[in-house]
Amino acid sequence: MERPQRLLLLLSLLSYPSTHAGALRSQIVGGHEAKPHSRPYMAALKFSSDFRCGGFLVAPDWLMTAAHCMGFRDITVILGAHNIHEPEESQQVLGVETYYKHPEYNDISLINDIMLLKLTAKAKLNKYVQVIPLPKSSSDIPTDTKCSIAGWGLIDKEKNTTRLFETNITIYSRRKCLNVYPHLNDGMLCAGSFHQLKDASQGDSGGPMICNGVAQGIVSFGYSAPPGVYTRIANYLPWIKKIMG
């Protein structure tokens, strides 16, 4: 069982079960390498010398990620990256001024797994670095909606990727998801692939789930096989607006 802080997007090929909601996966297994800089809103979060979480730019000086990534301090944000272990002219490196973890976040159940980071400076928006829109209403996403996820987490049981990987997933019905995750609430949604082992994993936590060009979810937790659970951003719009002012 892995601690939630270590989990990112995992398209897992593993099959062992876990009884802890925080036993997340650590890679996008079943995906493919993204076209370089095709997701300019993506951010890699570096803790000391390791990249352990993802995030996404929602305003020039605001980043959104998962609250369980707060387990790591002194986060460095890398924007405009494709290969996170090589210097690229497109990259922008910023610090975090203030951490805004949801006040009702629970690190056991991972309820309210959302966090906003106020950056130390505004990112310079260009073709490599852009913001991603958030939902305009609190409406739920229809079942079977096609979405995508991306991250720099594991791409198989032991192998990390230095380049951004991505995959497509589908929204599950709340009824079907409750069979797998009985504590699912309005702040969560469920997605994965019905036919293939595609999902997020360790190292992908905090990254966005994009549906029709809008960030609808945040990679949160799951078992070693799909579906995975994502924070439902639309549920938190009042809190987001309050924090970002």
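Is Glu33 buried, exposed or partly exposed? Glu33 has a relative accessibility of 34%, so Glu33 counts as partly exposed. Please keep in mind, as you look around, that this is a predicted model.

The side chain of Glu33 meets that of Arg163 in a salt bridge, with 3.1 Å from N to O. Glu33 belongs to strand S1 (residues 32-33), while Arg163 sits in the loop between strand S8 (146-151) and strand S9 (165-171), so the pair ties together parts that are 130 residues apart in sequence. Arg163 has a relative accessibility of 33%, so Arg163 also counts as partly exposed.

## More charged pairs

Side chains of opposite charge can pair when their charged atoms come close. By the rule used here, the count comes to four salt bridges. One of them brings Glu166 together with Arg39, at 2.8 Å from N to O. Glu166 is in strand S9 and Arg39 is in the loop between S1 and strand S2 (42-47), so this pair ties together parts that are 127 residues apart in sequence. What is the exposure of these two partners? Both Glu166 and Arg39 are buried.

Another salt bridge is made by the side chains of Asp140 and Arg232, with an N to O distance of 3.9 Å. This pair links distant parts of the chain, 92 residues apart: Asp140 lies in the loop between strand S7 (115-119) and S8, and Arg232 lies in strand S13 (residues 228-232). With a relative accessible area of 44%, Asp140 is partly exposed, whereas Arg232, at 7%, is buried. A network of salt bridges links Asp140, Arg174 and Arg232.

## Aromatic rings

A pair of aromatic rings is described by the distance of the centres and the angle of the planes. How many aromatic pairs does a search of the whole structure find? The search finds two. In one of them, Trp62 and Tyr100 are tilted, with 5.6 Å centre to centre and 45° between the planes. Trp62 comes from strand S4 (residues 62-65) and Tyr100 from strand S6 (residues 92-101), so the pair ties together parts that are 38 residues apart in sequence. Trp62, at 8% relative accessibility, counts as buried, and Tyr100 is partly exposed, with a relative accessible area of 29%.

Tyr181 and Phe221 form an edge-to-face pair, with 5.6 Å centre to centre and 90° between the planes. These residues link distant parts of the chain, 40 residues apart: Tyr181 is in the loop between helix H1 (174-180) and strand S10 (188-192), and Phe221 is in strand S12 (residues 214-222). Tyr181 and Phe221 are buried.

There is also a charge to look at beside a ring. The charged end of Lys176 sits over the ring of Tyr172, 5.9 Å from the ring centre.

## The disulfides

A search of the whole structure finds three disulfides. When bonded cysteines are counted along the chain, the disulfides follow the pattern 1-2, 3-6, 4-5. Let us take them in turn.

Cys53 is joined to Cys69, with 2.0 Å from S to S. The link of Cys53 and Cys69 is left-handed, with -90° about the S-S bond. Cys53 is in strand S3 (residues 50-59) and Cys69 is in the loop between S4 and strand S5 (75-79), so the pair ties together parts that are 16 residues apart in sequence. Cys53 is buried at 3% relative accessible area, and Cys69 is buried at 0%.

A disulfide also joins Cys147 to Cys211, with 2.1 Å from S to S. With 105° about the S-S bond, this link of Cys147 and Cys211 is right-handed. Cys147 lies in strand S8 and Cys211 in strand S11 (residues 208-211), so parts that are 64 residues apart in sequence are tied together. Cys147 and Cys211 are buried.

Finally, Cys177 is joined to Cys190 by a disulfide with an S to S distance of 2.0 Å. Why is the disulfide of Cys177 and Cys190 described as right-handed? The torsion about the S-S bond is about 75°, so the disulfide is right-handed. This pair links distant parts of the chain, 13 residues apart, with Cys177 in helix H1 and Cys190 in strand S10. Both Cys177 and Cys190 are buried.

Methods
Residues are numbered from 1 along each chain as its sequence is written. This is a predicted model: local features need pLDDT of at least 70, side-chain atom pairs count only at pLDDT 80 or more; totals for chains, interfaces and linings use all residues. Side-chain values use heavy atoms; hydrogens and water are left out. Helices (H or I, at least four residues) and strands (E, at least two) are DSSP runs, numbered from the N terminus. Buried means under 20% relative accessible area, exposed over 50%, partly exposed in between (1.4 Å probe, protein chains only). Rings of Phe, Tyr and Trp (its six-membered ring) pair if their centres lie within 6.5 Å; planes under 30 degrees apart count as stacked, over 60 as edge-to-face and the rest as tilted. A charge sits over a ring if NZ of Lys or CZ of Arg is within 6 Å of the ring centre and within 35 degrees of the ring normal. A disulfide is a pair of cysteine sulfur atoms within 2.5 Å.
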